[in-house]
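Let's take a walk through this chain and see what holds its parts together. Keep the viewer open as you read.

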Amino acid sequence: MAMRSLSLLLLLMLAASVSISAAHADDEAALLAFKVAAISSGYDNPLASWNGSAGGYCSWEGVRCRGRHRRVVALTLPSHGLNGVLSPTIGNLSSLRTLNLSSNGFSGDIPASLGRLRHLHDLDLSHNTFSGEFPINLTFCINLRNMALRFNQLWGRVPSEVGDRLTILQFLILGHNNLIGDIPASLGNLSSLIALELSFNKLEGTIPSSIGGIHGIQYLVLQHNNLSGVPPLSLYNLSSLQVFELQEQRRADLSYNALSGSIPSQVGSLRNLNNMVLSGNRLSGEIPDSIGECTVLQQLQLDNNFFKGIIPKYMWNIKGLRALNLSMNKLSGTIPDGIVSVKNLQQLYLAHNNLSGPIPAVLENMTSLSELDLFFNNLQGEVPKEGIFRNMTKFSITGNSELCGGIPQLHLDQCKNTVKKNRTRRLKYLAVALANKAEELIPGTNN
């Protein structure tokens with residue numbers, strides 16, 4: 001009986017040893033096949049260290065192994081000049097947790113075999129020329145936390161399975177591809193998501209309200225798509241949001257879509273937002289006073305819309321604002337003097353509106369201001385001469401026909417009140433001069 005137990009134990013140990021050896025052989029074979037496919041003929045060998053060196057494949061450049069069985073857990077080769085295709089054998093690296101092949105020249109499809117990498121946490125294939133449909137098999141990598149496929153040539157729809165299966169995903173970066181169709185509502189299931197970047201694609205339809213339920217999201221970038229409709233109110237309740245761009249710190253970018261409606265007062269809830277970019281949409285109505293509650297904003301871009309009304313005075317509560325772009329709207333009223341309280345403002349764009357009144361003289365005192373665009377409004381009166389107004393390459397006032405004065409290089413008419421003041425000054429000088437002359441000519445007046 002004892003002999004039989006010992007024999008069984010030896011058999012198990014032998015099977016385990018064979019299994020480990022097979023795993024080693026699989027990993028090495030997968031890496032060598034990857035090398036052959038990744039390097040096009042006629043090019044230098046960027047993986048020259050991948051040879052029969054004494055340290056084995058775990059010592060190869062970009063390869064990291066872990067555990068007593070020395071399994072490959074990371075393949076990290078960004079910017080290595082790899083310009084072939086990605087070998088399907090990469091799916092045999094069953095212990096792989098990190099795959100980073102970004103900024104190379106890979107082409108062709110992303111192999112479906114990557115879906116076998118159930119331990120994969122981080123996948124970065126961005127900045128290549130991968131093509132084909134979005135690889136749905138990636139949704140079987142259920143432990144993925146980071147998926148970055150931006151700057152490729154992928155097409156097709158974003159599968160709803162991304163939101164159904166990859167429930168612990170934190171970063172979904174798919175910008176600068178050729179993706180089409182709607183944004184799947186299932187992405188709202190990604191409760192751990194920190195960044196959603198789908199910019200520069202051909203996505204259409206409305207923004208799912210479910211996105212507003214991702215309470216920890218910080219970066220929402222959907223710019224340059226064909227999205228339409230009113231942005232869901234739930235987006236404006238995302239207090240964690242740092243970047244909001246409907247048009248690239250905490251940022252939201254929805255710019256250059258066809259979004260409509262107004263900015264609700266709930267925008268004031270975005271108190272952690274650093275950048276708000278809503279440029280190039282069809283948004284209308286007045287800019288709400290509550291936007292002044294977004295006190296950590298550094299960049300606010302609302303240009304190329306249909307906003308009307310006055311520039312809200314509460315906007316100047318945003319003391320850290322560095323760039324404000326309200327150009328190409330229908331804003332009216334005057335430029336508020338309160339702008340001087342925004343000490344760090346560097347760029348102010350108010351062109352192509354219906355603003356009237358004088359250019360505030362307080363702008364002369366804003367030492368951080370380096371760009372000022374007041375093109376085509378209805379501004380009147382004297383152009384200041386100090387501060388930014390000393391250098392005509394830093395400010396633009398063309399299209400305001402009732403402006404006068406300013407530095408000589410502007411070639412504007414002299415202001416009438418200035419002419420009147422100069423005439424009065426000259427008359428006073430002449431009167432004093434005549435009085436002094438009279439005293440000299442009339443005897444006894446100096447006694």
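Two cysteines count as a disulfide when their sulfur atoms lie within 2.5 Å. Before using that, a word on ground rules: this is a predicted model, in which local features need pLDDT of at least 70 and side-chain atom pairs count only at pLDDT 80 or more, while totals for chains, interfaces and linings use all residues. Residues are numbered from 1 along each chain as its sequence is written, and side-chain values use heavy atoms, with hydrogens and water left out.

One is formed by C58 and C65, with the sulfur atoms 2.1 Å apart. The link of C58 and C65 is left-handed, at -95° about the S-S bond. C65 counts as buried at 11% relative accessibility, where buried means under 20% relative accessible area, exposed means over 50%, and partly exposed is in between (1.4 Å probe, protein chains only).

The other link joins C404 to C415, S to S 1.9 Å, and is right-handed, with 100° about the S-S bond. C404 sits in strand β29 (residues 402–405) and C415 in the loop between β29 and α3 (416–441), 11 residues apart. Here helices (H or I, at least four residues) and strands (E, at least two) are DSSP runs, numbered from the N terminus. Number the bonded cysteines in sequence order and the pairing reads 1-2, 3-4.

Next, the greasy part. In soluble globular proteins, nonpolar side chains tend to be buried together. The largest one has 108 residues, and F34, F244 and M276 touch the most other members. Helix α1, β1 (63–66), β2 and β27 (378–383) each supply at least two residues of this core, and the largest share, 4 residues, comes from α1.

Zoom in on F34. Setting aside neighbours within four places in sequence, F34 is in contact (heavy atoms within 4.5 Å) with residues including L47, W50, L75, L82 and F106. L82 also gives you a way out to D44: their C-alpha atoms are separated by 9.7 Å, although the two are 38 residues apart along the chain. D44 lies in the loop between α1 and β1 and counts as exposed at 70% relative accessibility.

Rings of Phe, Tyr and Trp (its six-membered ring) pair if their centres lie within 6.5 Å; planes under 30 degrees apart count as stacked, over 60 as edge-to-face and the rest as tilted. That rule gives 7 aromatic pairs. W50 and W60 make a stacked one, 5.1 Å centre to centre with 25° between the planes. W50 is buried, at a relative accessible area of 2%, and W60 counts as buried at 3%. The rings of F106 and F130 have centres 5.8 Å apart and planes at 5°, so that pair is stacked as well. F106 lies in the loop between β3 (98–100) and β4 (107–109) and F130 in strand β6 (residues 129–133), so the pair ties together parts that are 24 residues apart in sequence. Both F106 and F130 are buried.

What about charge pairs? A salt bridge here is a side-chain nitrogen of Lys or Arg within 4 Å of a carboxyl oxygen of Asp or Glu, and the count comes to 4 salt bridges. One of them pairs D27 with R71, the closest N and O atoms being 2.9 Å apart. D27 lies in helix α1 (residues 2–38) and R71 in strand β2 (residues 71–76), so the bridge ties together parts that are 44 residues apart in sequence. Both D27 and R71 are buried. The side chains of E386 and R390 also meet in a salt bridge, 2.5 Å from N to O; E386 counts as partly exposed at 37% relative accessibility, whereas R390 is exposed at 59%.

Definitions and conventions:
Core = buried A, V, L, I, M, F, W, Y, C linked by side-chain atoms within 4.5 Å.
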